[in-house]
Amino acid sequence: MEEQYVNLLIATETKRVLESRGHTVKMSRTGDYTIFNGDRPTWHWDEARGTYFLYADGKTGVYSYDGGSDGIPYDDLQVRCDAANASGADIFISIHNNAGGSASGTESYYNNWRTETDSVLSSRLATYIQQGVVASAGTADRKVDDVGYYVVRWSNMPAALIEVAFLSNSSDRSKLMNATFRRRVATGIADGVDRYFASNPYTPREPRLQGPDRYATSVAAS
C-alpha cells in the first residue's frame with residue numbers, strides 16, 4: 001500500500017462527507033498522480049539575513065525525506081499552497097499517513113508562526129480535527145503539535161495536517177485498507193471542520209464604522 005493512494009481515498013471520502021453537509025471543497029488532486037515535477041518559486045530560509053525568500057532554486061523532483069546535499073525540492077508542495085491561496089479557501093487540510101516502527105495512532109499538526117492565524121485558529125482547527133478522528137475512528141490519540149510543515153506554513157489560511165494512522169503498523173495498515181474505517185476517518189475530519197466553524201472563528205475584533213453615505217461614514221471613522 002502506498003501512502004499517496006490511501007491519502008487520496010481518505011481525501012475523496014472526506015470531500016463527499018463535507019459536501020453532504022453543505023461545504024464547498026476543492027481538491028489538490030482527484031486522481032493518483034503527481035501534481036507538479038517542474039521548478040517552482042519556493043520559500044527558502046536565509047540564515048545570514050534571518051528571513052525567508054521566495055525564489056526558484058533550479059531543483060526539481062518529488063519530496064525527499066533526507067533531502068540529500070542539495071536540500072528538499074518543495075515545488076509540488078508549493079503548487080498545493082498556491083492553489084489553496086488562489087481559491088480564497090477558509091481552511092486548508094492536508095491528509096497523510098505515518099510510518100515509524102510499531103507506532104500506532106493519529107496525530108495532527110499546525111504551524112505556530114503567524115500570531116492570530118496560526119497560533120489561535122490553526123491550532124483550533126488541528127485540535128478539533130484530531131479529536132473528531134480519534135472519536136469517530138477509534139484510533140489512539142497521539143495529540144497535536146505545532147510543527148510547521150511546508151504546506152501548513154505557506155498556505156494563507158488556518159491550516160492543519162493530519163497523520164491518520166501508521167502504514168508501518170500492521171494493525172493500522174489493515175484498518176486503512178478498510179472502506180468503513182476510511183469513512184469513519186472522513187466523518188471525524190468533517191466533525192472537526194463543523195466544530196471549527198461553529199466556534200465562529202472569523203468574528204471581527206473591532207466594530208464596523210459606517211453611515212448612510214460617505215460623509216457620515218467619514219465622520220464615524222474620524
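**Asking the model how it knows**

Me: How many salt bridges does the count come to in this structure?
Reply: Eleven. This is a predicted model, and a pair gets onto the list when a side-chain nitrogen of Lys or Arg comes within 4 Å of a carboxyl oxygen of Asp or Glu.

Me: What makes Arg16 and Glu13 a salt bridge?
Reply: Their closest N and O atoms are 2.6 Å apart. The cut-off is 4 Å, so the pair qualifies. Both residues sit in helix 1 (residues 3-20), three residues apart, or about one turn of the helix.

Me: What about Asp141 and Lys143: which label does each one get, and why?
Reply: Lys143 is exposed, because its 53% is over the 50% limit. Asp141 has 37%, so Asp141 is partly exposed. The side chains of these two meet in a salt bridge at 3.5 Å, N to O. Elsewhere, salt bridges with shared partners tie Glu13, Arg16 and Arg183 into one network.

Me: How do you know whether Asn97 is buried or exposed?
Reply: Asn97 has a relative accessible area of 4%, which is under 20%, so Asn97 is buried. You'll find Asn97 in strand 3 (residues 92-98). Among the residues Asn97 touches are Val6, Ile10, Val164 and Leu176.

Me: What makes strand 3 and strand 5 edge strands?
Reply: The open sheet has four strands in the order 3-6-4-5, with mixed pairing. Strand 3 and strand 5 (141-145) each pair on one side only. From one strand to the next, the twist averages 15 degrees.

Me: How do you know that strand 4 and strand 6 pair?
Reply: Three bridges join strand 4 (residues 106-109) to strand 6 (residues 159-166). Pairing takes at least two bridges, so these strands pair. They run antiparallel, with Glu107 opposite Glu163 in strand 6. Helix 1 lies across strand 3 and strand 6, at about 140 degrees to strand 3.

Me: How do you know whether the span of helix 6 agrees with what its residues should give?
Reply: At 1.5 Å a residue, the 20 residues of helix 6 (residues 179-198) should span 28 Å, and the end C-alpha atoms are 28 Å apart, so the two agree. The buried residues of helix 6 include Phe181, Val185, Ile189 and Tyr196. At the start of helix 6, a side-chain oxygen of Asn178 reaches to within 2.8 Å of the backbone nitrogen of Thr180. Just after helix 6, Asn200 takes a positive phi of about 55 degrees.

Terms used. Residues numbered from 1 in each chain as written. Predicted model: local features only at pLDDT ≥ 70, side-chain atom pairs only at ≥ 80, totals over all residues. Heavy atoms only, no water. Buried < 20%, exposed > 50% of the residue type's maximum accessible area, 1.4 Å probe, protein only. Contact = heavy atoms within 4.5 Å. Axes fitted to C-alpha atoms, helices over the stretch in contact; angles between N-to-C directions. Expected span 1.5 Å × (residues − 1). Polar contact = N/O pair within 3.5 Å; in protein donor to acceptor, adjacent residues only side chain to side chain. Lists of a residue's contacts leave out its neighbours within four places in sequence.
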